[in-house]
Amino acid sequence: MRTAKGDSPRAGPPDPAADVTSGRLRRAPENFLTGEQIHLVSKGRREFLRAGFLAAGAATVAAAAVAAPSAVAAGAGDPDILQTTPWGGSLGRPVAANPYGLPSRHERALARRQSPGLTQVAAASVSFTPLQGLFGIITPSGLHFERHHQGWHDIDPARHRFMINGARPELVRTPKVYTLDDLMRLPSVSRMHFIECGANTGMEWGNVAVPTVQYSHGMLSCSEFTGVPLRTLLEDCGADLRAARFVLAEGGDGSSMTRTIPIEPVLSGEVLVAYGQNGEMLRPENGYPLRLVVPGVQGVSWVKWLRRIEVGERPYAAKDEAIHYVDLMPDGQHRQYTSIQECKSVITTPSGGQALLDRGFFSVSGLAWSGRGRITRVDVSFDGGINWTEATLQTPVLSKCLTRFSVPWVWDGRPALLQSRAVDETGYVQPSYGQLRQVRGTRSIYHNNAIQTWQVAENGDVSNVQIL
Ligand code: MTE
């Protein structure tokens, strides 16, 4: 591992006595570009962005905020201060006009997006969370990434059944079928956890492939999940928890999604049969009415529309663990059953596709997470990993949950290479691309947790690059 060599002169906190103005940021292209334009950005053709943004955006609130100076000069007479605004001088809309509240119409560009050309069939595809536009650690349910192997369903909860049985009759004394009502009557727990698809950042194994953090890291979301510990249900069915070594989780959709889960996280009480997400029922796209929550483990094991758990003694070698979700190693062999999402982090602001419009102060911020526990430290570099500055971790810092970090930075207008490097409570340090490729090669799909680099050009454009 590289060692921290002390603070970079360009990376430290701003000197309050210095004449430092606050820098403005042009948001990522997903906020206003078409699929075709995103494609141009990913091909490195970005010149049109700045001019196009300022012209086309003049009519939009977001663009107006950027086109206008951030503070009106004294005495210039800002009409938004001097005149009565429409909302200050009229009756507003009534309560419950939207029985289920929606985001402001000014925020409608913040959306899940499919990567153009990634998959041919939209029902077996993925939509990415717009990490560049989120604050804190919780993903709004409507922006949670989606990964379906055979489309999603809005299942009638009254008709959904959940069964527990044993691979042998002795393993589960009283196999049971539960309705949702049965489950919701039991004592529940609520816990905050991240879920990351094992294929997150998978397109970047060989080289830079996508322009923005939404596509490079957006198969990542974090929610408060509510449900019943699977252990409670196994005990309710009289499972032999000393003989049990694995459980098989089975989904109710047409994809035959079945995954082997080792018994240890079940016995510890971590694995949940969940029906709640961020204080309400799960969204249909995320498994309504029931999904398995397997903290720290890759998303594919979080089986949605969960209909059955079988208690067994050996791994099941289901199709999505024997031939898919395997790691292609440099010697040509496949590694199976890699499931823990190792420690990883990414700077979300500023990030690829955005542009720094001024020199001055920026609060650089991002997310860190580990499938093995808590994040203990994040370092940020502004010069491609030569010097590192320790970031502030925002509370709460929870186990197997996203952690928000931030660090102040004064951009002096010179090119910079921004990186973040996370450490978890086991002492594991997030690897560089060079270190990861030494062990894993370049032809894998899954479990890429390498350090991400964003390059800031002299003109302020931020783009995706790789540093070994
Ligand atoms: N469960 C079922 N039944 N069917 C699926 O297609 N996709 C899996 C997992 N559970 C899937 C499933 C994959 S690959 C991932 S990454 C996560 O669900 C994604 O969860 P999300 O769509 O809620 O983000």
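**Figure 1. Contacts and overall make-up of the protein chain.** Among contacts between residues at least 6 apart in sequence, 73% join residues at least 24 apart; a contact means heavy atoms within 4.5 Å. This is a predicted model, in which local features need pLDDT of at least 70 and side-chain atom pairs count only at pLDDT 80 or more, while totals for chains, interfaces and linings use all residues. Residues are numbered from 1 along each chain as its sequence is written, and side-chain values use heavy atoms, with hydrogens and water left out. The secondary structure comes to ten helices and 25 strands; helices (H or I, at least four residues) and strands (E, at least two) are DSSP runs, numbered from the N terminus. Of the 468 residues, 50% count as buried, where buried means under 20% relative accessible area, exposed over 50%, and partly exposed in between (1.4 Å probe, protein chains only).

**Figure 2. The open sheet that contains strand E16.** Four strands form this sheet in the order E16-E18-E22-E21, with antiparallel pairing; two strands pair if DSSP finds at least two bridges between them. E16 and strand E21 (392-393) stand at the edges with a single partner strand each, so one side of each is left without a neighbour in the sheet. Five bridges join E16 to strand E18 (residues 360-369), and Lys 344 stands opposite Trp 369 in E18. Strands of a sheet pair through backbone hydrogen bonds, either parallel or antiparallel.

**Figure 3. Strand E24 and its two partners.** Strand E23 (residues 416-424) is joined by four bridges to strand E24 (residues 453-456), and the two run antiparallel. In this pairing, Leu 418 stands opposite Trp 454 in E24. Four bridges also join E24 to strand E25 (residues 462-465), again antiparallel, with Thr 453 opposite Val 465 in E25. The hairpin of E24 and E25 has five residues between the strands, and Gly 460 takes a positive phi near 95° there.

Figure 4. The bond from Tyr 288 to Pro 289 is cis, with omega near 10°. Pro 289 lies in the loop between strand E11 (280-281) and strand E12 (291-293). The bond from Thr 349 to Pro 350 is also cis, with omega near -5°. Pro 350 is found in the loop between strand E16 (344-349) and strand E17 (355-356).

Figure 5. Thr 201 has a positive phi of about 70° although it is not a glycine. This residue is found in the loop between strand E6 (189-196) and helix H6 (213-217), and at 3% relative accessibility Thr 201 counts as buried. Asn 278 has a phi near 55°, likewise a positive value in a residue other than glycine. Asn 278 is found in the loop between strand E10 (272-277) and E11, and is partly exposed, with a relative accessible area of 24%.
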